[in-house]
Amino acid sequence: MKRAALAEVCQVIMGQAPSGDTYNDEGDGLPLIAGAGDFGELYPRPKKFTSAANMRTSLPGDVIVGIRASIGDKVLADDVYCLGRGVAGLRAGPRLNQRYLWNWVTHAAPSLAAKGRGATFLQVNKNDIAEMEIPLPSMDEQVRIAAILDTADALRANRRQALAQLDTLTQAIFIELFGNPQRNPRGWPVVAIGDVLKSATYGTSRKSGASGEFAVLRMGNLTSDGRIDVTDLKYTDLVGREREQHLVTAGDVLFNRTNSAELVGKTAVYRSPEPMAYAGYLVRLRPGPHVEAEYLGAFMNLPGTKRVLRSMCKSIIGMANINAKEVQTIRMPLPPIEHQRRFASHLRPHAELRTRMQQQLRDLDTLFASLQQRAFRGEL
């Protein structure tokens, strides 16, 4: 398949930083995309505006790509935006279909990220982008390839949306059965979380690697929506009392005590019958007889509880931290155990459905990656 340097078929518009006195959050001027932190799921979500003159801008349909830190992340411009120095705009020329370009950027993102240089954080320059080679079939063929990839990607997006709705449903069931815990309209007794735990234990500090008796759950294995993701695991060995102290079993709740400010406090219920080790940045909350793991896990993942957790964070060298003692001081309404068990029974079919849908999403991701590879090798 014929190939071309990206700059031959696409305008590369490098962003620039406006002067500090032109920034505002009042809507004065044009919305500013300073970096990937201003990216939404598909379109930009800028937080600031700038009234600076002669700024470089995007047009609707441009692909806006992160070029610092989050190199290769992208969004689609749905309006005119000022481009800050953390991004570049890609504008398809007459020989390049815009949707084909959009899909190619997804495919090429790892290669672009590999070009990153810098001591403090990685970044790429205009030449790094411009010299990248893009396969260039006929326009009709670009349209056909883009349509196939867009269809496959839409299937993935629909599955992700369905999964997000399931997560919202869990919170809705909680509120329906127990009321908003901040207001506690049912008048349940309020306890400190530590009062209803058997134990709150830090994970192992043993080094993990490619082999070992037990898989190790690390902070990256807890998702921000309250699940455990085992697609990337390391392993370790535990001996003697370490097994009791550092193994998690079905019915335990894992809490991420150290992470970035927006991710600290991630919490998930461990449901697998096979024990796993857990690393030192996690705390194992082992429920006592008066609290169900599913109730505790759902409470910890409510938006109101997340706000409380963030207010308790201490910042240590750019990371936020909440220790095990602090977690146990959080106040929680405690409905009768039979009410909590009823809640857990409501969740079981949703958990089973989520597992099936998650596998379907993984299958769709695999299919999409395969289609991308074939498309840009000229085999689709």
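**View 1. Valine 216 and its opposite number in β19.** Zoom in on valine 216 and you'll find alanine 277 of β19 standing opposite. This is a predicted model, where local features need pLDDT of at least 70, side-chain atom pairs count only at pLDDT 80 or more, and totals for chains, interfaces and linings use all residues. Residues are numbered from 1 along each chain as its sequence is written, and side-chain values use heavy atoms, with hydrogens and water left out. Strands β13 (residues 214–217) and β19 (residues 276–278) run parallel and are joined by two bridges; two strands pair if DSSP finds at least two bridges between them. Helices (H or I, at least four residues) and strands (E, at least two) are DSSP runs, numbered from the N terminus.

**View 2. Strand β13 with its other neighbour, β14.** Here β13 and β14 (residues 234–236) run antiparallel, with three bridges between them. Phenylalanine 214 has threonine 236 of β14 as its bridge partner. Which way do the side chains of β13 point? Phe214 and Val216 go one way, Ala215 and Leu217 the other, and all are buried (under 20% relative accessible area, with a 1.4 Å probe and protein chains only; exposed is over 50% and partly exposed is in between). In a regular strand, side chains alternate between the two faces of the sheet.

**View 3. Helix α6 packing on helix α9.** The axes of α6 (residues 293–300) and α9 (residues 337–375) lie 8 Å apart, at an angle of about 80 degrees. Axes are lines fitted to C-alpha atoms, for helices over the stretch in contact, and angles run from 0 to 180 degrees between N-to-C directions. So α6 is roughly perpendicular to α9 (65 to 115 degrees; under 35 is roughly parallel, over 145 roughly antiparallel, and the rest oblique). Glu294, Tyr295 and Ala298 of α6 meet Gln340, Phe343, Ala344 and Leu347 of α9, contact being heavy atoms within 4.5 Å. That set splits into five nonpolar, one polar and one charged. Ala, Val, Leu, Ile, Met, Phe, Trp, Tyr, Cys and Pro count as nonpolar, Asp, Glu, Lys and Arg as charged, and the others, Gly among them, as polar.

**View 4. Helix α4 alongside helix α9.** The axes of α4 (residues 139–178) and α9 come within 10 Å and cross at roughly 170 degrees, which means α4 is roughly antiparallel to α9. Their contact has 22 nonpolar, eight polar and seven charged residues.
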